[in-house]
Amino acid sequence: MSGMFCQMEDTGITFVATDAHKLVRYKRTDVKSKNNASFIIPKKPLNLLKGLLKEGEVSMEYNETNAQFKFGNYTLISRLIDGKYPNYEAVIPKDNPNKMSIARSQFASSLKRVSIFANKTTHQVRLKISGSQLIISAEDLDFANAAKEELTCSYEGDDIEIGFNSRFLLEMVNNIDTESLTLELSAPNRAGILLPEGGEDTGEDVLMLVMSVMLSN
């Protein structure tokens with residue numbers, strides 16, 4: 001899991017990365033491969049690639065041991081990670097009846113403010129969703145600190161109270177480009193799914209998963 005999983009098919013291309021606490025699956029249906037293949041690329045060359053990439057097309061070639069990227073005047077070659085990637089589809093909850101829609105910037109700003117008062121070890125924030133109301137709260141009993149904010153949202157489902165690591169949640173929210181996002185939930189002890197809402201590129205499919213944390217009483 002130290003690298004990024006790449007799966008190329010005649011229907012599109014899929015990239016997956018995870019650190020066991022959060023997972024991102026990025027699909028494009030407008031980029032296709034004649035041959036089906038999958039491999040794992042290490043993190044370091046990908047960071048180099050991200051820093052070098054500009055506008056324009058990228059050509060990717062691969063074999064059993066290496067992947068090669070060509071763009072502009074650059075050619076980047078990386079060894080591949082040997083091994084089989086875990087079955088990431090198995091950890092993505094498929095049935096999520098509870099769905100909240102909210103403005104991304106509003107949600108991110110509130111999380112950032114409230115998380116200042118979270119426990120410095122767990123970074124836990126609590127989301128309580130009921131009707132059109134979202135309450136974000138955090139507390140640090142060691143220093144008698146607490147914070148709570150109320151936001152308006154659009155919500156379908158049963159009332160729910162769930163905890164997340166604020167750092168993980170904020171990192172994902174800040175990497176969503178659309179004005180609004182959807183948070184899909186199934187149960188307080190299951191992972192939450194973040195999805196961009198409207199405005200994403202044609203052919204783009206982004207799914208972000210973040211594990212929930214056990215709420216302290």
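Predicted model: local features only at pLDDT ≥ 70, side-chain atom pairs only at ≥ 80, totals over all residues.
Biologist: What makes β8 and β14 paired strands?

Modeller: Two strands pair if there are at least two bridges between them. Six bridges join β8 (residues 98-103) to β14 (residues 180-185), so the two count as paired. They run antiparallel, and Ala 103 stands opposite Ser 180 in β14.

Biologist: Why are β4 and β12 said to stand at the edges?

Modeller: The nine strands follow the order β4-β1-β2-β3-β16-β15-β14-β8-β12 in an open sheet with antiparallel pairing. β4 (37-42) and β12 (154-156) each have a single partner strand, so one side of each is left without a neighbour in the sheet. From one strand to the next the twist averages 15°.

Biologist: Which strands does helix α1 touch where it packs on the sheet?

Modeller: Helix α1 (residues 43-52) touches β1 (3-9) and β4, and its direction makes about 85° with that of β4.

Biologist: What makes Met 100 and Leu 127 members of a nonpolar core?

Modeller: Members must be buried, which means under 20% relative accessible area, and joined through side-chain atoms within 4.5 Å. Met 100 and Leu 127 are in the largest core, of 32 residues, and are among those with the most contacts inside it. Beyond its neighbours within four places in sequence, Leu 127 is in contact with residues including Phe 107, Leu 134 and Leu 183. Another core, of 13 residues, lies apart and includes Met 4 and Phe 69.

Biologist: How many residues line the largest pocket?

Modeller: The lining has 48 residues, with Met 4, Phe 15, Tyr 26, Leu 46 and Lys 50 nearest the centre. The space in this pocket is about 2,100 Å³.

Notes: Residues numbered from 1 in each chain as written. Heavy atoms only, no water. Helix = DSSP H or I, 4+ residues; strand = E, 2+ residues; numbered from the N terminus. Axes fitted to C-alpha atoms, helices over the stretch in contact; angles between N-to-C directions. Contact = heavy atoms within 4.5 Å. Buried < 20%, exposed > 50% of the residue type's maximum accessible area, 1.4 Å probe, protein only. 1 Å grid on protein atoms, 1.4 Å probe; cavity = no way out; pocket = protein on both sides within 12 Å on 5 of 7 lines; lining within 4 Å. Points joined across faces, edges and corners; volume = space filled by probe spheres on them.
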